Amino acid sequence: MNNVSTSEIVNRVWNYAHVLRDEGVGYGDYVEQLTYLIFLKMSAERVAGGQEGEGLATERWKLLVSLDGSDLEIEYRKTLEMLGSQKGTLGMIFRKAQSKIQDPAKLERLIDMINKESWSSLTIDVKGAIYEGLLQKGAESEKKGAGQYFTPRPIIEAIVDVMQPQPMQVIADPACGTGGFLTVAHDFIANNNERPLSKKEARFLKNEAFKGNDISDSVARLCAMNLYLHGIGTDECPISTSDALSKEVGEHKVDMVLANPPFGKKSSVTIISEKSGKLEKEKLTYERTDFWADTSNKQLNFVQHIGNMLKVDGKAAVVLPDNVLFEGGAGETIRKQLLTRFNLHTILRLPTGIFYAQGVKANVLFFDAKPASKEAWTESVWVYDFRTNVHMTLKTKKLTRSDFDEFVELFSASDIKKRVSNWQETAQEEDGGPGPNGRWRKFSYDEVIARDKTNLDISWLKDDSLEDTDNLLPPAQLASEIVELLTAALEEFKSVEEALAEDEED
């Protein structure tokens, strides 16, 4: 297994899914089941090699390998229950774990396949790549649930490259999903220093540098396993499971937040009234004294939450949908707070067609926390428009890390005061388009604050496809983009419908 490429290993492991396909096991559940079994096998390999390993996990794997039939099915269920009652990372990985494999023969075959491979001999990077590859394949296959907003790896890598996390910093993701931001940040710190990490820095990187949270038990479990494969976390699991927005941050501030909060605008929850015992609707408006505005918009609430998570001079990079940039009411209030309380220095407009959900238009907001001041901290907002005249697809024109090379260079992470615009108004007028460059432009605080509702959805480049019929996209791609736009519009109408329904109930 050591002599094949990561992609080949991912495909080989993914082919194990055929064993469970007839069982009616979804790809998301399949990844979970595979997680459990590979973890047990790796632990057994470590113990056999005289390395640190989970004793209970090792014992249970040896037992499972020796069994078949109904005895195997019974002991597998018992194994999941026993491991789920443990503390630390082990308990998180197996928390509420259930067997989804009903046929003992298929379970036996899957165990036999995994047992033939040597997992611990692979480097952490390769194992992590295998695991993330499986998660991405699951997202591609299901195209629903959390997977539809699975953050493409090139975006994560570009964000981490400009954020430049450092040793001894605490890095958090309050909506961590499967841990992509945390693992890439870990690898950046481990591999991008001019000198080797000291013992103190290495211990901190392993045990204290990362904090993650997700509202879903199953996703948090996958994240814990992903981090384990990267050597993150030991007795204390760095991943928690809760509604991140329900509690105030308190004193535990962090140096950096990297996040892609869940999209969607669910505006109410169903509860059971203690008085009447009947189902009632309650608006999902969090009562938090540290929030700047009350809203049922989850992304706007996450912006406030993340801002409050940061230490003074702490940095954040957050992937957010377009509505955060232009929505009125609470949205306007929150944007003004970002411009005054923080240094909102950069907006990266992402291309369409990069998420598994159709109709998603997203951006990355980069802002730094600052101490209290009477004057606004934001002097100017730099916008990199990587959307206009950029056409990406999940199959024929995939996003790559090299697509962000120009942005990373222009970002000037070492000193953002040395940034230089590559857009010229004269070139725009003469050429009718941005040409090879021209996507990077500065807007002063006064320009931004004067915009209607402090709208940050800033676009200035001409869309060639709208005016030049010779540059029209292929019919199939045009149809795909039309579907995306209609899907996005339908979601907006649904949100309006929900809001009107709530008003009538009130």
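User: What should I keep in mind about the model and its numbering?
Analyst: The model is predicted, so local features need pLDDT of at least 70 and side-chain atom pairs count only at pLDDT 80 or more, while totals for chains, interfaces and linings use all residues. Residues are numbered from 1 along each chain as its sequence is written, and side-chain values use heavy atoms, with hydrogens and water left out.

User: Why is Asn-297 called buried?
Analyst: Its relative accessibility is 3%, and buried means under 20% relative accessible area, with exposed over 50% and partly exposed in between (1.4 Å probe, protein chains only). So Asn-297 counts as buried. This residue sits in the loop between strand 6 (279-283) and helix 13 (298-309); helices here are DSSP runs of H or I with at least four residues, strands are runs of E with at least two, and both are numbered from the N terminus.

User: What does the side chain of Asn-297 reach?
Analyst: The backbone nitrogen of Gln-299, at 2.9 Å. A polar atom of that Asn-297 side chain also lies 3.0 Å from the backbone nitrogen of Leu-300.

User: What makes Gln-169 partly exposed?
Analyst: Gln-169 has a relative accessible area of 21%, which is why it gets the label partly exposed. You'll find Gln-169 in the loop between helix 9 (153-163) and strand 1 (171-173). A polar atom of its side chain is 2.9 Å from the backbone nitrogen of Gln-166.

User: How do you know that helix 4 and helix 5 are roughly antiparallel?
Analyst: The axes of helix 4 (residues 55-66) and helix 5 (residues 69-84) cross at roughly 175° and come within 10 Å. Angles over 145 degrees count as roughly antiparallel, under 35 as roughly parallel, 65 to 115 as roughly perpendicular and the rest as oblique. Helix 4 and helix 5 are therefore roughly antiparallel to each other.

User: Which kinds of residues make up the contact of helix 4 with helix 5?
Analyst: Eight nonpolar, one polar and three charged. Nonpolar covers Ala, Val, Leu, Ile, Met, Phe, Trp, Tyr, Cys and Pro, charged covers Asp, Glu, Lys and Arg, and the others, Gly among them, are polar.

User: Why does the span of helix 15 agree with its residues?
Analyst: The expected span is 1.5 Å times one less than the number of residues. The 12 residues of helix 15 (residues 330-341) should therefore span 16 Å, and the end C-alpha atoms are 16 Å apart, which agrees. Its buried residues include Ile-334 and Leu-338.

Definitions and conventions
Polar contact = N/O pair within 3.5 Å; in protein donor to acceptor, adjacent residues only side chain to side chain. Axes fitted to C-alpha atoms, helices over the stretch in contact; angles between N-to-C directions.
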